[in-house]
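Q: Please show me how the features of a structure such as this one are to be read, one at a time.

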Amino acid sequence: MKNNNLQLSSEGKLKHFLSIEGLNHSILSDILDTAESFTSVTERSIKKVPILRGKTVANLFFEASTRTRSTFELAAQRLSADILNLNIDTSAAVKGESLLDTLHNLEAMQIDMFVIRHQDSGSAHFFAQHVNPGVSVLNAGDGQHAHPTQAMLDMFTIRRHKHQFENLTVAIVGDIKHSRVARSQIHALNLLNTGQVRVVAPPTLLPEQAETLGVQVYHKLNKGLKDVDVVIMLRLQKERMTGALLPSEKEYFRQYGLTAERLKLAKADAIVMHPGPANRGIEIESSVMDGNQSVILQQVTYGIAVRMAVMSMIVSGAVESS
Amino acid sequence: MTDLSVETLINQLTEALAPLFYTDDQPIIVGIETGGYRIAQALHEKLSPDTELGKLNITFYRDDYTKIGLHPTVKPSSLPGTIDGKTIVLVDDVLYSGRTIRAAMNELFDYGRPEKILLVILVDRGGRELPIQADFIGTRLPLENNQQIKLEGTDELKLSILHTDD
């Protein structure tokens, strides 16, 4: 409980953004509504608002990322913040500096917000517990635990296309077990009262007792796709795969790859999403990825507005509580 | 509590503004959410210019943003086409400290470089904290700091003055 409350100020406003767990329907709706306002900013000639003018944001990436890091960078810049990009695997961590020492050194540079991605689950919480009052921490992915801004941009994409959640059936397909994205998506979909959330994966790629997350479990893709409104494909995380969880990539595609033929099982107006980076020909057929039901590139665009929304909300929450 | 006839004030403002619209290059009417936009809608209806009505949500430009946070229920800004070289008739319901107008002008300039901005205010209540004055004023109504003036009503707009005693 302590970890979850860490995200909210005494007045219930967001001051860190660490996981979807511990948040409520109203905060999630606020994020989506605020992001809606920011989409109009990103469409005009000067794509900047002065909300974070004079604030400094540090992008701390202990793990490789292109999309997430660059959209956080753009989001911060469009809010007029100054941004510091640090790829830690190539700097202090290699020289043996502890996480806490890295944090304190950066705090000495008067950073107002940390955007952190780390291979260890719980690292963003750890940061949030140790930062000075008035400093915000934003989780950009920690181990297999959470990736809450990705989940929110996915929710935003769904709401933009489907306008509500209550009557939707959403299938999340692929490596649920190793996916922090799936975990955050499931929490968000349930908090937003989604009609039905399905996970589709072989038993080896599902967490134990997956049902307790509030999802319906399917092992066959053809069954799991039947009449769904939204299909979310996950990347097969080859780098996290230890041991023989799968026979082969080819076999995986045969059983769980999303093909144009299989997509016909979903509703005719179903949308196809993928958090990226996608492995064409492993979890998704190229023609589906580039097809007219795919909203994968829109997810990237919306990622900027959603990250702007979260950043602007936690800055005002942190100032108030300091 | 005092009631002011918003209808009368809007009629007066319409009359005063009408000559601005006797040209081919008509000004763009832009209302500030939420009260100013309501007044702007009424003026736009009466003046019926060829230009579409614009809307500004100045939340992202407020100087007290980090203190008060966002109000996500407020709809995003929308301006009709380019404002470069145009005359903007900026409309708000109440002029007080002047901070809202400063924020609105900052936002307008992120959309382009207008030729001229004219400020239209329904009620000037005094109490300015910035050197900002209106070009067209419905009425002047000096109020004390502990008084609040609010635009209310859905169909028929009404102004009411409240005392905030704390």
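A: One begins with terms: a residue is buried under 20% relative accessible area, exposed over 50% and partly exposed in between (1.4 Å probe, protein chains only). Helices (H or I, at least four residues) and strands (E, at least two) are DSSP runs, numbered from the N terminus. This is a predicted model, in which local features need pLDDT of at least 70 and side-chain atom pairs count only at pLDDT 80 or more, while totals for chains, interfaces and linings use all residues. Residues are numbered from 1 along each chain as its sequence is written, chains are lettered from A and ligands numbered from 1 in the order in which they are written, and side-chain values use heavy atoms, with hydrogens and water left out.

Q: Which residues form the covered face of strand E7 of chain B, and which the uncovered one?
A: In this strand, residues 147-152, the covered face holds B:Gln147, B:Ile149 and B:Leu151. B:Gln148, B:Lys150 and B:Glu152 make up the uncovered face.

Q: How many bridges join E7(B) to strand E8 of chain B?
A: Two strands pair if DSSP finds at least two bridges between them. Here six bridges join E7(B) to E8(B) (residues 158-163), and the two run antiparallel. B:Glu152 has B:Lys158 as its bridge partner in E8(B). Five residues lie between the strands of this hairpin, in which B:Gly153 takes a positive phi near 100°.

Q: In what order do the strands of the open sheet in chain B lie?
A: The five strands follow the order E3-E2-E4-E5-E6, with parallel pairing. Strands E3 (54-56) and E6 (136-140) of chain B are the edges, each pairing on one side only. Within chain B, E4 (residues 87-95) and E5 (residues 116-124) pair over eight bridges, and B:Val94 has B:Val123 as its partner in E5(B).

Q: Is A:Asn59 buried or exposed?
A: A:Asn59 counts as buried, because its relative accessibility is 0%. The residue belongs to strand E1 (residues 56-61) of chain A. A polar contact is a pair of N or O atoms within 3.5 Å; within protein, one must be able to donate a hydrogen and the other to accept it, and residues adjacent in sequence count only if both atoms are side-chain atoms. The side chains of A:Asn59 and A:Asn85 form such a contact at 2.9 Å.
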